[in-house]
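Dear colleague,

I am passing on the structure we discussed, and my notes on what turned up in it follow below. Please read them with the coordinates open beside you.

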Amino acid sequence: MRLKNKVALLTGAAAAIEGELMGFGGATAHLFVREGAKVVLTDIRDELGERAASALRDLGADVLYRHLDVTSETDWRQAIDDTLDAYGRLDILFNNAGVSFPAKVEELTEEIWDRELAVHAKGAFLGTKVAIPAMRRSGGGSIINTSSVMGIVGSPTSPAYSAAKGAIRLFSKTAALQYAKENIRVNSIHPGYATTPLTAERFSPPKVNKALLDRTPMGRLGTAEDIANGVLFLASDESSWMTGAELVIDGGMTAQ
Ligand SMILES: NC(=O)c1ccc[n+]([C@@H]2O[C@H](COP(=O)([O-])OP(=O)(O)OC[C@H]3O[C@@H](n4cnc5c(N)ncnc54)[C@H](O)[C@@H]3O)[C@@H](O)[C@H]2O)c1
């Protein structure tokens, strides 16, 4: 019970149904409830999110689903208020929502650029901003922002995605500095290539799959569970002296 008595809000976490392909948010939700947390799942895919929350409740977990478009401060305020109304505190925020629109720089539209920056960078900023007062009242907290290996090295396919993930990396360090004294920790995770609902189709053609495996020294793609284990560590008190750090989970990709 590594998260006993803790309350967690997860974004982009609708793909959380056992037996179906889960995203990082979904796999993390399952680990969190197993470790004793109360969990608020959020996403913009409301029908899937409601079904996922209901399936988790059927397993005995204390889970709610709320609509939360991470680019909307109004949605953020409502979701955090609902969390405090239901559970009285907020200890963990997993900023995980994401989109991906590969394009070469010349073909990249302003709309795609703005969307990538809005969902990733602005989403992590707004969530951190709105969670901080709630965490302060709970005596501290842990914010985990989902960057990527593409926030550390350049992406061969997705310039706006890489720029947005790079922004998350340094935003996390800056927020970590500003709130360290209040025991509000902010860390980033940097997953490598992993099979999830966001990537399954794009990663499946044999040529693409081989190229990804060639770049991954451990010789397999990641799973949502590989990433969720790292998120659990950053969420738990086991990482209580870590803030502003980068947790890379990538099968060795960025060691090259
Ligand atoms: N899968 C990978 O290889 C990989 C690698 C590195 C980083 N990531 C990042 O991990 C995170 C989770 O992705 P995943 O691969 O688990 O896929 P996923 O599809 O399970 O998760 C992304 C979720 O974000 C939601 N979302 C999109 N726009 C949103 C918005 N405006 N507001 C709220 N939710 C929104 C989607 O509905 C979806 O449920 C993303 O930030 C992604 O960029 C993924």
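Val248 lies in strand 7, residues 246–249, where strands (E, at least two residues) and helices (H or I, at least four) are DSSP runs numbered from the N terminus. This is a predicted model, in which local features need pLDDT of at least 70 and side-chain atom pairs count only at pLDDT 80 or more, while totals for chains, interfaces and linings use all residues. Residues are numbered from 1 along each chain as its sequence is written, and side-chain values use heavy atoms, with hydrogens and water left out.

With a relative accessible area of 33%, Val248 is partly exposed, a class that falls between buried (under 20%) and exposed (over 50%), computed with a 1.4 Å probe and protein chains only.

Turning to the ligand, 30 residues surround it, and the closest are Phe24, Asp43, Arg45, Tyr161 and Thr196; a residue counts here if one of its heavy atoms lies within 4 Å. An N or O atom in the side chain of Arg45 is 2.8 Å from an oxygen atom of the ligand, and a polar backbone atom of Gly192 is 3.4 Å from a ligand oxygen.

The largest nonpolar core has 36 residues, and Leu10, Phe32, Val39, Leu41, Val63 and Ile144 have the most contacts inside it; such a core joins buried Ala, Val, Leu, Ile, Met, Phe, Trp, Tyr and Cys residues through side-chain atoms within 4.5 Å. Helix 8 supplies the largest share of this core, 7 residues.

Best regards

Notes:
A polar contact is a pair of N or O atoms within 3.5 Å; within protein, one must be able to donate a hydrogen and the other to accept it, and residues adjacent in sequence count only if both atoms are side-chain atoms.
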